[in-house]
Amino acid sequence: GFWLVREDGSETDFSYITAVKGQPGGRSKDFYGACREAVAPDLRQAKRRAFDEYGDSQGKVECELTGVMVSIDESHLDHAWPHFSCLVLGFRTARGWSKGIPDGIISPPTDGQTTPTFVDDAVSDAFRNYHHNQAKLRILSKSANLETASQARRPTIRRPVKII
């Protein structure tokens with residue numbers, strides 16, 4: 001992202017990726033971001049606990065995919081199953097929000113807000129509880145985690161086959 005300083009001295013941030021695409025992220029993307037924000041402190045704490053519990057004498061933990069020993073800074077906490085996007089979709093569906101997110105659930109965009117959040121702590125807490133009951137997490141090396149993420153992306157199809 002970038003920070004913009006207006007002529008009047010006020011500041012705001014923006015995503016260059018969104019700006020280049022010329023399309024706003026949309027409510028679903030903001031909801032996803034609010035979900036990430038809601039569980040971020042819990043995930044940081046869980047990662048630290050995993051290193052305390054499973055770490056060797058040098059404080060390293062084995063990557064579950066590669067077997068390479070990694071430090072906390074060389075690793076990611078991965079949603080092994082279900083993927084985070086599936087958890088978000090499952091939560092929306094459970095709340096009856098699969099077709100749309102009601103007004104007033106996600107914070108409106110404001111200057112300096114880099115991440116959307118839930119307006120109501122009760123919704124944030126409900127997602128945290130849902131996530132904690134569903135998520136299966138593991139420690140991966142950063143490179144292994146990024147490789148698995150790219151495999152989950154929708155592939156490019158050069159010659160699409162349509163069902164008529």
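1. How do the residues of the lining of the largest pocket divide into nonpolar, polar and charged? There are eight nonpolar, twelve polar and five charged. Ala, Val, Leu, Ile, Met, Phe, Trp, Tyr, Cys and Pro count as nonpolar, Asp, Glu, Lys and Arg as charged, and the others, Gly among them, as polar.

2. This is a predicted model: local features need pLDDT of at least 70, side-chain atom pairs pLDDT 80 or more, while totals for chains, interfaces and linings use all residues. Residues are numbered from 1 along each chain as its sequence is written, and side-chain values use heavy atoms, without hydrogens and water.

3. The largest pocket holds about 710 Å³ of space. Its lining has 25 residues; D13, S15, D30, Q113 and T114 lie nearest the centre. A pocket is an open set of points on a 1 Å grid over the protein atoms alone, where a 1.4 Å probe fits, with protein on both sides within 12 Å along at least five of seven lines; lining residues have an atom within 4 Å of a point. The volume is the space filled by probe spheres set on the points, which are joined across faces, edges and corners.

4. Helix α2 (27–54) supplies at least two lining residues, as do β1 (2–5) and β2 (11–14). The most come from α2, with five. Helices (H or I, at least four residues) and strands (E, at least two) are DSSP runs, numbered from the N terminus.

5. N145 sits in helix α5 (residues 142–152). N145 counts as buried, at 13% relative accessibility; the cut-offs are under 20% relative accessible area for buried, over 50% for exposed and partly exposed in between (1.4 Å probe, protein chains only). Beyond neighbours within four places in sequence, N145 contacts (heavy atoms within 4.5 Å) H76, D78 and L140.
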